[in-house]
Amino acid sequence: MTGLIAVDAGQTGIRLRFVDAQQSIEGAAKGIITARPLMPQLARAIIDFTRQHELCPTGVGVGCTGLVVPHADELLTLLDGVGAVKVAVAHNAVTNYLAALGPHPGVLLSGDTGAVVLAVGAAGVARVDGWGYLVGDAGSGHWIGRAGIVAALRAYDGRGQSTVLLDRLRQRFGDPESAYIALQSDPDWVSQLTSFAEAVEDAASAGDVVAGRILDEAAAELSESVVTALRRVGMMHGEPPRVCATGAVLASPRIRQRFLSYLRLHWPTIELTEPLGDGVEGALQALSLPSTHPLLQLVSRAHA
């Protein structure tokens with residue numbers, strides 16, 4: 001079958017979608033490891049998907065976390081034999097923006113395992129954060145999960161406030177004395193840390209003060225990134241800007257409410273804009289982005 005393949009690649013998982021005039025086929029693969037070369041990982045997921053469903057795509061659009069410089073030419077070479085004659089590759093902040101806000105100016109916050117903000121305005125394009133789990137991604141799922149484990153271990157030591165997160169740590173990892181070893185030796189430790197964000201959310205919902213404070217701090221970090229991006233593109237004055245917030249982190253009612261309340265300190269009437277589509281759709285749009293779109297400068301495209 002001929003058509004197009006769109007890829008939305010994150011650390012938790014890779015989503016793939018094949019589309020042609022008659023149908024749409026969905027697929028999934030294991031998340032990428034940002035510490036390793038990205039194009040071979042993407043190519044493997046795409047090739048496996050095409051073989052599984054006997055596909056022969058003419059084009060492939062990719063949005064991927066962890067990209068510093070997207071290399072569409074490299075990916076096109078790695079996909080030799082698949083049938084693709086054109087490839088577009090961009091950081092998933094770009095493809096998520098295209099899917100969520102289309103041609104409109106505004107700002108998108110993507111909050112999942114990582115966290116990145118992209119704004120488009122009269123003064124240009126601004127990206128804030130998205131610097132990875134080691135030195136950035138403030139307010140992300142990984143950031144929340146790590147903060148929850150840190151709080152649990154501080155409580156275990158007696159250095160921190162008592163919290164039910166210590167009980168959740170024991171349930172997940174066993175003896176706190178060996179929990180850090182179990183994490184460090186797990187090849188999927190990023191996902192393990194991130195998944196602990198669910199325990200923080202549950203504890204906060206049950207009234208745990210420490211867990212609630214972590215979520216409030218996450219909301220503050222995320223709102224600061226959004227306001228910073230809007231300031232850089234000249235959208236701090238006038239009508240409230242379009243602000244779209246997507247991802248698992250923003251599914252938390254507490255984070256979403258606090259995030260919005262912080263924005264209302266600048267724009268009292270602001271409401272969050274619902275996304276037009278998802279990141280997979282944005283990856284498809286990257287293939288046909290018009291030359292006038294300000295985000296084209298952040299997309300790498302290659303043709304056979």
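## A chat about one protein chain

Biologist: Hi! Starting with glutamate 54: is it buried or exposed?

Modeller: With a relative accessibility of 65%, glutamate 54 counts as exposed. Exposed means over 50% relative accessible area, buried means under 20%, and partly exposed is in between, using a 1.4 Å probe and protein chains only. This is a predicted model, where local features need pLDDT of at least 70 and side-chain atom pairs count only at pLDDT 80 or more, while totals for chains, interfaces and linings use all residues. Residues are numbered from 1 along each chain as its sequence is written, and side-chain values use heavy atoms, with hydrogens and water left out.

Biologist: Thanks! Where is glutamate 54 found?

Modeller: Glutamate 54 is in the loop between helix H1 (38-53) and strand E4. Helices (H or I, at least four residues) and strands (E, at least two) are DSSP runs, numbered from the N terminus. Although glutamate 54 is not a glycine, its phi is positive, about 55°.

Biologist: Let's zoom out. How many helices and strands are there?

Modeller: The protein chain has 10 helices and 10 strands. Its C-alpha atoms fill a box of roughly 60 × 50 × 30 Å along the principal axes.

Biologist: How much of the chain counts as buried?

Modeller: Of the 304 residues, 52% count as buried. The accessible surface comes to about 13900 Å², and 52% of that surface belongs to carbon and sulfur atoms. Those areas come from the Shrake-Rupley method with a 1.4 Å probe, and for residues only the protein chains shown count as cover.

Biologist: Now the inside. How many residues are in the largest nonpolar core?

Modeller: The largest nonpolar core has 49 residues, and those with the most contacts inside it include Ile144, Ile255 and Phe259. Helix H8 (residues 209-232) gives the largest share, 11 residues. A second, separate core of 30 residues includes Ile5, Ile14, Phe18 and Met39. A nonpolar core is a set of buried Ala, Val, Leu, Ile, Met, Phe, Trp, Tyr and Cys residues joined through side-chain atoms within 4.5 Å.

Biologist: What does isoleucine 255 touch?

Modeller: Not counting residues up to four places away in sequence, isoleucine 255 touches Ile144, Leu215, Ala218, Ala219, Leu222, Val249 and Leu250. Contact means heavy atoms within 4.5 Å.

Biologist: Changing topic: how many residues of helix H3 are buried?

Modeller: In helix H3 (residues 92-101), 10 of its 10 residues are buried, which makes it mostly covered. One of them, asparagine 96, has 13% relative accessibility. Leaving aside neighbours within four places in sequence, asparagine 96 contacts Asp8, Leu108, Ser110 and Gly279. Just after H3 comes glycine 102, with a positive phi of about 60°.

Biologist: Which residues does glycine 282 contact?

Modeller: Glycine 282 is in contact with Thr95, Leu98 and Ala99, leaving aside its neighbours within four places in sequence. Glycine 282 itself is in helix H10 (residues 279-285) and is buried, with a relative accessible area of 0%.

Biologist: And where does glycine 59 lie?

Modeller: Glycine 59 lies in strand E4 (residues 59-64). Glycine 59 is buried too, with a relative accessible area of 0%. Not counting residues up to four places away in sequence, its contacts are Gly3, Leu4, Ile5, Ala84, Lys86 and Leu287.

Biologist: One more! Where is threonine 163 found?

Modeller: Threonine 163 is in the loop between helix H4 (141-157) and helix H5 (165-173). At 7% relative accessibility, threonine 163 counts as buried.
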